[in-house]
Amino acid sequence: MIVGAGFSGIYLLHKLRDAGFKVLLVDAAAQPGGIWYWNCYPGARVDSQVPLYEFSIPEVWKSWAWSERFPGWKELRAYFRHVCDTLGLWPLMRMGSRVESARFDEEGRRWRLQLEGGEGISTHFLLPALGFASKPYIPDMPGIAAFEGDWCHTARWPQQGIDLSGRRIAVIGTGASGVQIAQEAAKCAEKLTLFQRTPILGLPMRQERLTEDIQQRDKQGYPAIFVRRKRTNGGFECQSLDISALDVDATTRNNHFETLWRQGGLKFWYNNFADILTNREANRYAYEFWRKKVLARIIDPVMAEKLAPAEPPHPFGTKRPSLEQGYYEIFEQDNVALVDLKANAIIRIEPQAIKMEDGEVECDLIIFATGFDAGRGGLIDMNITGREGLPLWQAWEDGLRAYLGMAVSGFPNMLFAYGPLSPSGFANGPTSAEIQGDWICDFMVWLRRRDIDLFEGKPAAETGWTEMVAAAGAMTLFPEAASWYMGANIPGKKRQLINFPSVSSYAALCDEEAAGSYAGFAFEKLTRKDGPTI
C-alpha cells in the first residue's frame, strides 16, 4: 500500500508493479502530482530546471516535451497524467481516497488502514510517500474566525482558483510561495501588502521558453544527466566546487559569482565554492555579492535595507533561496507595501483588517504563505500507530528519528519515502524519489526471496543514523538560521536538522546497507502454512 501520488509514490508504484508485487496507491487528491495538485496558486512553479526535474524513465521522457525551463503547476499536473498514461498505472491508483488512520495489527502482522468514508483496507507493507511539505502551517491568529473576507494557505488554494484582480490582499510570509504569488498579485491587486518576518534571499530564475526541437536535440544527453544527478550533493547536474572561496583572489571569486548569477536558477546555491555553507567568511562574500545585485534594483534606501539589510538575516543559503522574476521591482509600485513584522507585529485579525502594533492594514483576502510542518507533518496527520499502540507523533515527541530516513523502530513493515532524515528538502525531488524507490523495491524483492514476514529498524541503528545527521549539520552554518530545515518554523518543534545533507553520500550509505544484508533491520521469517503473502 502506497500513500501519496507525488514523485515518490508514482515511482514506487511503477517499480513495485514491474517487480511483480500486488500494490495499490491511494491519495486524497483528485489527480496525481503531490505538491503540484495542492499548490495551484497563481505563479506556483518549480525551482529545479528540467530535465533535472523529471523521471529518468526513458519511455516517459522520450515522449514528453516541456514548454518552460521552470514549469508551472498546470504543466506539472499534465506531466503526471502523462506518466500514469505512459506507464499504465491508473488501474492501481485510487485518487480522492484520504487515509484517516493506519494501525499496525501485531497479531495479524498487517497494517489496518481506515479511509475517509469508513472503508477499511488491510496491507502487509505500508509505504507512505507524502513528501516533506504536505502539512501546511498556519500560525495561530486571534480573530481569524471573524474575518469577513476570504483567507487560505497557498498549499490549500481552492481548485477553482481565486481572482486577485481589484482585491486588497495581505500576504503573510515571504518564502517561495509568498514571492511567487506576490509577483502575480502585484500585477492586478488594488493593494498588496506583504508581511515579512525575515527577508528572502531571492535568486534570479532566468526563465526560458523551450521548443520541442531544442529538447529533441538535448535529449541525446539526458541519460548522462540522469546518471550524474545521483552523484551530486543536491541531485542536480553539478555540485559545489572543490576549492574554498578564501583560496582565490577577489577577481576570481567575483567572476565565479557573476557566472552563476547569469546562469540563474539555484546554481548560486549549489554550484558555488566548497565552503559557502560551512565557513562564515566565505558565506559573507556570497551574501555581499547577492546584496550588491539586489540593491541595484531598489530605489528607496529604506526599502532596500528591509529587503537586503547590511547585516545578513542569516548565513546565505541556510534557508532555501527562492527564485524570483521581478520580485524586488514590485516594491516600487504604488499598490505594493511591505510590513516588517519584527518592527511592527500582528496583534489580531479584525473583520476587515489586520491589526498591528502600529496601525492596521485593510484587506479582503489574507494569504498565508507560512510554509509547512516539514518532514513529519503529513505522516503525523495520517494517525499512524505502531507496536503497543504507540502513535507516531508520540514517537517523535522528543525529536525526529528514522533509520536511513525511511524506517522508525516500533513501526514494523513501514518505510516512508521523501521524509525526514533523508535528503528530501535538500534534494531535487525526482532524484531523491528514484534513489529511495529503487532501494525500497530491491529491499522488498530481497524480503520476498527469503520468505521474510516482518522487518523493523533496530533502535541502535536508528539512533546512530539520527546522531549522524545531527553531526553533519553541526559542521555547517545551517543551525544558525531559524529555518524549516531546522524545524524552527513550528512552535514547540525540536531544533534539529531534518534533512540528510548529501544525495550522493545518502545513496552510498543505502547501498552499503543493502550490501551488508540490511544489518540495521531485524527480521522474522514466515511461519504460516499457506506460503508467502508479500
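What is the mean pLDDT of the protein chain, and what share of its residues reach 70 or more? The mean is 96, and 99% of the residues reach 70 or more. This is a predicted model. One stretch stands apart: over residues 529-534 the pLDDT is below 50. In the model, that stretch has 13 contacts beyond near neighbours in sequence. The points below cover a sheet, salt bridges and a helix pair.

**The three-stranded sheet**

- Three strands form an open sheet in the order β14-β15-β16. Their pairing is antiparallel.
- Strand β14 covers 346-350 and β16 covers 360-362. Both stand at the edges with a single partner strand each, so one side of each is left without a neighbour in the sheet.
- From one strand to the next, the twist averages 15°.
- Strand β15 spans residues 353-356. It pairs with β14 in the antiparallel sense over four bridges.
- Ile 349 stands opposite Ile 354 of β15.
- In general, strands of a sheet pair through backbone hydrogen bonds, either parallel or antiparallel.

**Salt bridges**

- Side chains of opposite charge can pair when their charged atoms come close. This structure holds 34 salt bridges.
- Glu 237 and Lys 267 form one of them, at 3.3 Å from N to O. Glu 237 sits in the loop between α7 (222-229) and α8 (250-263), while Lys 267 belongs to helix α9 (residues 267-270), so the pair ties together parts that are 30 residues apart in sequence.
- Glu 237 and Lys 267 are both buried.
- Glu 324 and Arg 297 also meet in a salt bridge, at 2.8 Å from N to O. Glu 324 is in strand β12 (residues 323-324) and Arg 297 is in the loop between α10 (280-295) and α11 (301-307), so this pair links parts that are 27 residues apart in sequence.
- Are these two partners buried or partly exposed? Glu 324 is buried, because its relative accessible area is 3%, under the 20% cut-off. Arg 297 counts as partly exposed, at 23% relative accessibility.
- Arg 348 forms a salt bridge with Glu 350. Their closest N and O atoms are 2.9 Å apart. Arg 348 is partly exposed, with a relative accessible area of 37%.
- Salt bridges also link Lys 15, Arg 229, Lys 230, Glu 434 and Asp 438 in a network.

**Helices α14 and α16**

- Two packed helices are described by the angle between their axes and the distance between the axes.
- Helix α14 covers residues 429-449, and helix α16 covers residues 503-515. Their axes come within 11 Å and cross at roughly 0°. That makes α14 roughly parallel to α16, because angles under 35 degrees count as roughly parallel.
- Which residues of α14 meet α16? They are Thr 431, Ile 435, Gln 436 and Trp 439.

**Ser 432 in helix α14**

- Ser 432 lies in helix α14. Is Ser 432 buried or exposed? Ser 432 is buried, with a relative accessible area of 2%.
- Not counting residues up to four places away in sequence, Ser 432 touches Tyr 418, Pro 423, Ser 424 and Ala 427.

Key
Residues are numbered from 1 along each chain as its sequence is written. This is a predicted model: local features need pLDDT of at least 70, side-chain atom pairs count only at pLDDT 80 or more; totals for chains, interfaces and linings use all residues. Side-chain values use heavy atoms; hydrogens and water are left out. Two strands pair if DSSP finds at least two bridges between them. Helices (H or I, at least four residues) and strands (E, at least two) are DSSP runs, numbered from the N terminus. Axes are lines fitted to C-alpha atoms, for helices over the stretch in contact, and angles run from 0 to 180 degrees between N-to-C directions. pLDDT is the predictor's confidence in each residue, from 0 to 100. Contact means heavy atoms within 4.5 Å. A salt bridge is a side-chain nitrogen of Lys or Arg within 4 Å of a carboxyl oxygen of Asp or Glu. Buried means under 20% relative accessible area, exposed over 50%, partly exposed in between (1.4 Å probe, protein chains only). Angles under 35 degrees count as roughly parallel, over 145 as roughly antiparallel, 65 to 115 as roughly perpendicular and the rest as oblique.
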